[in-house]
Amino acid sequence: MSTDAIAFPRTELATRPFVDRVHEWVTTVDHKRLGILYIIYSLLFLVIGGIEAGIMRLQLIRPHNDFVSPQVFNRMFTMHGTTMIFFVVMPLVFGFANYLVPLMIGARIWRSRD
């Protein structure tokens, strides 16, 4: 038995251009990637909803604050609720469902023909 180690030549993998990788993600039909895209979309709008909440909290720091007008505050309150429900909670639920349900029911996995 030989104790010599076999040295394999180190091969560098060619990386595909960024535009090709983005195009592959945007045009995918893979349920896992679609679920991940839903979740990323949801997290992006979570940040936007957080900014809206921050603006409302700045207004409520002290009485008679003039950071935003009462009309803008009312609009911000409505927009925050709409953003959090329709752009955060629903895509997050759909993202997890899109990712997990095919795995739970044992659906066939789609493979690309690269």
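1. Basis. This is a predicted model, in which local features need pLDDT of at least 70, side-chain atom pairs count only at pLDDT 80 or more, and totals for chains, interfaces and linings use all residues. Residues are numbered from 1 along each chain as its sequence is written, and side-chain values use heavy atoms, with hydrogens and water left out.

2. Helix H2. H2 covers residues 31-59. Helices here are DSSP runs (H or I, at least four residues), numbered from the N terminus. H2 has 29 residues. From first C-alpha to last it reaches 42 Å, close to the 42 Å expected at 1.5 Å a residue. The expected span is 1.5 Å times one less than the number of residues.

3. Buried side of H2. The buried residues of H2 are His31, Gly35, Ile39, Ser42, Phe45, Gly49, Glu52, Met56 and Gln59. Buried means under 20% relative accessible area, exposed over 50%, and partly exposed in between (1.4 Å probe, protein chains only). These buried residues pack against H3. An α-helix has 3.6 residues a turn, so residues three or four places apart point the same way.

4. Ser42. Ser42 lies in H2. Its relative accessible area is 1%, so Ser42 is buried. Which residues does Ser42 contact, leaving aside neighbours within four places in sequence? They are Phe87, Val88, Pro91 and Leu92. Contact means heavy atoms within 4.5 Å.

5. Aromatic pairs. The structure holds 2 aromatic pairs. The rings of Phe45 and Phe87 have centres 4.9 Å apart and planes at 25 degrees, so this pair is stacked. Phe45 sits in H2 and Phe87 in H3, so the pair ties together parts that are 42 residues apart in sequence. Rings of Phe, Tyr and Trp (its six-membered ring) pair if their centres lie within 6.5 Å; planes under 30 degrees apart count as stacked, over 60 as edge-to-face and the rest as tilted. Phe45 is buried at 18% relative accessibility, whereas Phe87 is partly exposed at 29%. Ring pairs link Tyr41, Phe45 and Phe87 into a cluster.

6. Salt bridges. There are 2 salt bridges in the structure. The criterion is a side-chain nitrogen of Lys or Arg within 4 Å of a carboxyl oxygen of Asp or Glu. Arg16 meets Glu24 at 2.2 Å, N to O. Arg33 meets Glu24 at 2.9 Å, N to O. Arg16 is partly exposed, at 40% relative accessible area. Glu24 is partly exposed at 24%, and Arg33 is partly exposed at 22%.

7. Nonpolar patch. Tyr38, Ile85, Phe86, Val89, Met90, Val93 and Phe94 make a nonpolar surface patch of about 640 Å². Patches are made of residues with over 30% relative accessible area and no salt bridge; like charges are joined within 9 Å, nonpolar side chains (Val, Leu, Ile, Met, Phe, Trp, Tyr) within 5 Å. Areas come from the Shrake-Rupley method with a 1.4 Å probe; for residues, only the protein chains shown count as cover. Helix H3 (residues 70-105) gives the most to this patch, with 6 residues. Ile85 lies in H3. Ile85 is partly exposed, with 44% relative accessible area.

Definitions and conventions:
Helices (H or I, at least four residues) and strands (E, at least two) are DSSP runs, numbered from the N terminus.
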